[in-house]
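Open the model in your viewer and keep the selection panel at hand. We will go from stop to stop, and at each one you will find what to select and what is there.

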Amino acid sequence: MKYIYLDDSYIKSCKEEKTPRINAIGGIIIDDENEEKLIKIIKKEKSKYINPNLPIKWNFRDSEVESVYKEFGKMQEYSNLKLKSRDIRLAIFKEAQAIDYKIVFSCIKSYSSDKKIIKNKKEDFSQYLLDNILLRIGNEAKANKDRYQVIMDWPTDSNPKPYNRSYFYMYNTKKTISGNENYVGPLEQLNFKHSICFTKCTPSPCLQFTDMVVGALKDYIESELDITRKNKNCVGREVYNIFKDKIRCSCSGKKTGWGIIVSSGNQLFKNQVLDIFDN
């Protein structure tokens, strides 16, 4: 069995951008044997500072994480955790280099900066992003006999509808929900499970790791797009340099179009991402 752990996010083109114009979804592809190894690594590194069953995310100050520590009376551990956030994240990714997993990440940028237009297009963007990931993994699935289960963190805006609809079309038909060709064929024929599983990352070590993968890529992309941050140190860049070889790529090492999937509609943004990941 292979698991596809996914998390969605927003990315700012620059620090001054009030409403993020870039929508993203990403995560990891991992089999059950390496999933167990990853969970052991995460718990081992967490146990150096906190109870290994308590959650972490890329943003250690996230209110969802804090609420769990508060509920179990572990606020002192939470304070220590925040002080060691960089060390923990780097240690987990360094240790995870020893196991086999692949990173996939899909993003799209709105032409408009109007908040209402961006909000109205959110569902379309979400569907398009998941379609792109499923098409790549589906193409890979045609060459093997593995079963696949998609597991998603509960969506950022608490709306799973676009992901469910995207998956329903990809699973059952030869068209994506946007009407494009599903060139890998229905996912049902490729040993995918019948539906996406949604949960919260707080009880799931692998979704916590996924959140950190997406968070690091977000941080890295923002630092590259924003000229005021480009030459400044950021943890996202440090982590990216650790896991960059885990990004799904072609035989020649090309990441874009394989593990980093960008909408071709906004060519300027696509070229920027090409510069970041392939050059």
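As a rule, an α-helix has 3.6 residues a turn, so residues three or four places apart point the same way.

This is a predicted model, in which local features need pLDDT of at least 70, side-chain atom pairs count only at pLDDT 80 or more, and totals for chains, interfaces and linings use all residues. Residues are numbered from 1 along each chain as its sequence is written, and side-chain values use heavy atoms, with hydrogens and water left out.

Helix 6 runs over residues 161-172 and reaches 16 Å from its first C-alpha to its last, close to the expected 16 Å; the expected span is 1.5 Å times one less than the number of residues. Helices (H or I, at least four residues) and strands (E, at least two) are DSSP runs, numbered from the N terminus.

Next, select helix 1 (residues 32-46), whose 15 residues reach 21 Å. Colour Asn34, Glu35, Leu38, Ile39, Ile41, Ile42, Glu45 and Lys46, the buried residues of helix 1. They cover an arc of only 160° around the axis, which puts them on the same side of helix 1. Turn to the other side of helix 1 for Glu33 and Lys40, which are exposed. The buried residues of helix 1 pack against strand 1, strand 2, helix 4 (85-96) and helix 7, contact meaning heavy atoms within 4.5 Å.

Now for the open space. Which residues are the closest to the centre of the largest pocket? Select Asp8, Ser9, Lys57, Asp62 and Asp211, which hold that place among the 22 lining residues. The pocket has about 540 Å³ of space. Helix 7 (205-225) and strand 1 are the elements that give two or more residues to its lining, and helix 7 supplies the largest share, six residues. A pocket here is an open set of points on a 1 Å grid over the protein atoms alone where a 1.4 Å probe fits, with protein on both sides within 12 Å along at least five of seven lines; lining residues have an atom within 4 Å of a point.

Move on to the second largest pocket, with about 260 Å³ of space. Tyr128, Asn132, Arg136, Ile261 and Val262 are the closest to its centre, and helix 5 gives the most to its lining, with five residues.

Then click on Ser263, in the loop between strand 6 and helix 9. Ser263 is buried, with a relative accessible area of 9%. Leaving aside neighbours within four places in sequence, Ser263 is in contact with Cys107, Ile108, Tyr128 and Lys270.

Last stop: Ser158, in the loop between strand 4 and helix 6. Although not a glycine, Ser158 has a positive phi of about 60°.

Terms used
Points joined across faces, edges and corners; volume = space filled by probe spheres on them. Buried < 20%, exposed > 50% of the residue type's maximum accessible area, 1.4 Å probe, protein only. Arc of directions from axis to C-beta.
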